[in-house]
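Q: I have this one open and have never looked at it before. Could you walk me through it?

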Amino acid sequence: MRRVRGLRLAAGLLAVGLTLAACGGSGDDSGNTATPGSGGGTSAAGPKMKVGMAYDIGGRGDQSFNDSAARGLDKVKAQYGLDVKELEATAGESPAQKEDRLRQLADGGYNPIIAVGFAYSESIGKVAKDYPEIHFAIIDDFTEGTDTGDNIANLTFAENEGSFLVGAAAALKSKTHNVGFVGGVNTPLIKKFEAGYTAGAKAVDPSVKVQVKYLTQPPDFGGFNDPGKGETAANGMFDAGADIVYAAAGGSGSGVFKAAKAKGKLGIGVDSDQYNLPALASVKDVIMTSMVKRVDLAVTDFVTSVHDGKFAAGNKVYDLKAGGIEYATSGGKIDDIKTKLEEYKAKIVSGEIKVPAKV
Amino acid sequence: MGRFSPRSILLGLAAPIGALIFAALVCSVILGVTGHSPIDTMDAMVDSLTKPRLGPRTFVNSLNSATTYYLAAVAVAIGFRMRLFNIGVNGQYQLAAMVAAALASASWMVGAPSFLRIALTLIAAMLVGAAWAGLAALLKVTRGVSEVISTIMLNAIATSLITFLLSPDRMGAVDPSGNDTRTAKIDVGGQVDGLSYPGTGSKIYGLVFLAVLVGLAYWFVLSRTRFGFELKATGLSEEAAVASGVSVKRMVVYSLLLSGAAAGLVGMPALLGDIYTYSSQNFPSTVGFTGIAVALLGRNHPLGMGVAALLWGLLDNTANSLDVAGVPKEIVAIMQGVIVLSVVVAYELVRRYRVRLEQRDVGRALGTTKAPVNADAEEVPA
């Protein structure tokens with residue numbers, strides 16, 4: 001047996017080397033690799049629901065967006081005993097590779113399949129058409145005609161509402177009547193954060209000054225992962241009189257907090273409750289609050305709906321009302337203004353305050 | 001001393017195949033140390049080419065990737081032949097693809113005949129690529145700025161320029177999703193049809209033939225024209241070229257312009273055959289650097305780079321299958337890195353061995369095999 005596999009290894013090497021030659025040689029035992037290796041060896045027991053997850057660049061362990069989705073997946077995995085397969089994107093890859101990733105999950109019998117991030121919008125639209133019996137979900141995108149269909153759920157978030165509340169918190173806490181906004185990349189999505197933040201700050205204090213800075217312009221998406229740029233931008237804002245800066249900048253946020261700590265100012269986190277992230281433990285005392293985007297909730301809701309046979313296609317918006325958006329209170333720095341924030345929250349939920357989504 | 005004697009072919013193949021085997025060994029060790037089975041990894045790679053549905057799709061995707069990688073490699077190789085290191089292929093092709101995408105989707109183009117539209121798009125891409133590389137050439141011949149530095153910096157400038165131009169009030173279009181910035185979509189008249197392949201819905205880029213044509217042109221110009229001879233001569237020995245009346249400055253400008261023009265074509269197969277828009281989110285963004293690796297592995301040879309491009313495309317497109325099989329797909333990047341490093345070393349070893357063989361041949365012809373032919377013979381590791 002060993003010798004046979006050794007031979008196969010040699011054949012495989014040749015196949016890679018000559019690229020085409022070995023196509024016919026080794027298709028005889030394809031059952032061998034079909035079982036996922038990383039499970040617990042329990043795959044033989046009963047028909048488990050198989051959930052496929054395609055992450056964006058960074059994948060599990062990015063301390064932010066993807067990790068939040070992973071938390072949701074872990075929860076439902078424990079709850080329902082799922083068989084999960086997690087794949088992740090490579091930086092700079094072509095759309096064909098994104099499409100291939102989703103097709104591999106579909107061909108592997110995974111249903112439902114969750115695509116994390118708007119980068120999958122084109123590919124999920126194409127793939128879902130070819131697999132009408134599989135339920136798909138995409139997080140952060142809803143584009144009529146691109147990624148909509150009878151078997152696609154579009155899970156989006158009202159980031160502007162959460163940003164409104166942290167904007168209000170910033171204005172309530174600011175002593176200099178001057179607050180800052182650091183956006184990672186100047187995309188329409190991040191502008192939605194800015195719009196809510198500015199509106200919230202102005203609702204509390206119409207005279208407040210809001211400084212706005214984006215770290216990079218697309219197609220340079222480095223601004224989501226460049227703490228150095230975040231630090232420079234935040235320093236500039238603190239020097240210009242701001243005392244609280246909101247970092248809607250993914251991994252660059254740590255630089256903003258570093259600058260705040262060095263200057264004795266405050267920062268506001270994004271996506272996760274960043275006060276509690278181990279990677280930010282050294283700067284957590286300057287994280288006043290965070291605008292929490294419950295991607296985990298969207299994932300658990302979606303998987304549960306498929307599990308219970310209640311899949312619903314179309315756009316589901318996770319807003320303050322649905323509990324998909326929150327502000328974090330860890331650290332206790334906003335306990336004194338919590339009642340005021342809850343008032344604003346109630347007004348947004350009731351529709352009395354309409355938060356703008358565009359600058 | 002024929003160029004295609006069995007010995008010279010064997011020697012030519014020894015380095016890349018040796019490097020490949022060495023890279024496979026290194027990867028096996030890394031996989032073994034991290035607790036993954038190298039054999040299962042190989043199985044997954046082979047499966048990704050042989051399973052129904054998956055196999056044909058992987059093949060088509062690999063061929064498509066290889067098409068773009070090959071064009072990038074030719075662009076890099078044109079520079080290499082002149083001892084010029086054009087690291088700016090990445091910026092050149094992105095800027096060219098963006099401008100060409102905007103042009104191809106412009107409203108005044110819509111009525112034009114398909115052939116004319118596609119030809120204009122390709123020409124525009126080549127002109128933009130050449131112009132961007134031309135800046136580096138200009139700096140080099142007028143101010144002596146190393147093209148290594150200037151092309152790297154022009155890469156960064158290209159992304160900023162693209163951002164500036166991609167705004168909806170300039171060359172961009174409003175994106176319906178609101179999550180991306182992109183040019184308007186090129187309609188059917190400006191697209192290049194793909195070729196169907198049995199067993200999959202994915203299509204082979206129609207512009208795969210463009211890559212073949214560019215390869216042929218590269219081969220012809222370099223080995224069958226006076227210009228190609230002068231280019232190679234300048235690369236081999238600048239002094240000798242000057243002595244024989246070649247203007248080095250002129251050659252620098254020409255070769256960088258040609259390199260940039262080839263770079264301009266890199267994004268075209270994907271743009272006109274699959275994506276139909278230049279999108280800051282979804283357009284492949286690192287092909288220029290892949291081209292450097294492919295040119296190194298293929299030794300700037302038109303056929304060698306073709307094989308190298310296919311290998312690279314294949315490795316890249318089996319990554320998802322590895323991910324599915326539970327093998328960290330980063331092993332692909334490690335493998336590619338090791339291949340490039342070991343191939344450079346292997347070529348040098350083979351070159352020294354070849355020099356020794358030639359010296360022995362000369363010695364035998366002169367009847368003085370016992371003593372070294374000349375005092376400064378290269379030392380060969382035992």
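A: Let me begin with a term: two residues are in contact when heavy atoms of theirs lie within 4.5 Å. By that rule, the contact between chain A and chain B takes 48 residues from chain A and 49 residues from chain B. Please keep in mind that this is a predicted model.

Q: OK, and how much area do chain A and chain B bury between them?
A: The two chains bury about 4,500 Å² between them, and carbon and sulfur atoms account for 55% of that area.

Q: How many salt bridges are there between those chains?
A: The count between chain A and chain B is five salt bridges. An example of a salt bridge between side chains is the pair A:D100 and B:R57, with a distance of 2.8 Å from N to O. There are also eleven residue pairs in polar contact between chain A and chain B, both residues of each pair being at pLDDT 80 or more.

Q: Which parts of chain A supply the side that touches chain B?
A: Several elements of chain A each supply at least two residues of that side, including helix 1 (2–18), strand 2 (83–88), helix 3 (95–107), helix 4 (121–130) and helix 6 (188–204). Helix 3 of chain A gives the most, with nine residues. By class, the residues on the side of chain A that touches chain B divide into 18 nonpolar, 15 polar and 15 charged.

Q: Switching to chain A by itself, what does the domain assignment give?
A: The assignment gives domain 1, made of 47–157 + 294–325, and domain 2, made of 159–293 + 329–350. The C-alpha centres of these two domains of chain A lie 28 Å apart.

Q: And how many residues are in contact there?
A: On the domain 1 side of chain A there are 15 residues in contact with 17 residues of domain 2. The area buried between the two domains of chain A is about 1,400 Å², with 60% of it from carbon and sulfur atoms. Within domain 1 of chain A, the residues that lose the most area to domain 2 are A:Q63, A:L320 and A:I325, which together make up 44% of what that side buries.

Q: What about salt bridges and polar contacts across that interface, how many are there?
A: The rule finds one salt bridge across the interface of domain 1 and domain 2 of chain A, and it also finds five residue pairs in polar contact there, both residues at pLDDT 80 or more. Helix 2 (residues 65–80) of chain A gives the most to the side of domain 1 that touches domain 2, with three residues. That side of domain 1 of chain A has six nonpolar, four polar and five charged residues.

Q: How many salt bridges does a search of the whole structure find?
A: Over all chains, the search finds 31 salt bridges. One of the salt bridges in chain A joins A:R60 and A:E86, whose closest N and O atoms are 2.8 Å apart. A:R60 lies in the loop between strand 1 (50–55) and helix 2 of chain A while A:E86 lies in strand 2 of chain A, so the pair ties together parts that are 26 residues apart in sequence.

Q: Where does UniProt place the feature "transmembrane region" in chain B?
A: The unreviewed UniProt entry places that feature at residues 59–80, 92–110, 116–139, 148–167, 204–222, 252–272 and 331–350 of chain B. In the model, residues 148–167 of chain B are 90% helix and 0% strand, and their end C-alpha atoms lie 30 Å apart. For residues 252–272 of chain B, the end C-alpha atoms lie 31 Å apart, and that span is 90% helix and 0% strand.

Methods:
Residues are numbered from 1 along each chain as its sequence is written. Chains are lettered from A and ligands numbered from 1 in the order in which they are written. This is a predicted model: local features need pLDDT of at least 70, side-chain atom pairs count only at pLDDT 80 or more; totals for chains, interfaces and linings use all residues. Side-chain values use heavy atoms; hydrogens and water are left out. Domain bounds come from an automatic or database domain assignment. Buried area is the accessible area (1.4 Å probe) that two parts lose on being put together, summed over both. A salt bridge is a side-chain nitrogen of Lys or Arg within 4 Å of a carboxyl oxygen of Asp or Glu. A polar contact is a pair of N or O atoms within 3.5 Å; within protein, one must be able to donate a hydrogen and the other to accept it, and residues adjacent in sequence count only if both atoms are side-chain atoms. Helices (H or I, at least four residues) and strands (E, at least two) are DSSP runs, numbered from the N terminus. Ala, Val, Leu, Ile, Met, Phe, Trp, Tyr, Cys and Pro count as nonpolar, Asp, Glu, Lys and Arg as charged, and the others, Gly among them, as polar. UniProt positions are given in the numbering used here, feature names are shortened, and annotations may be inferred rather than shown by experiment.
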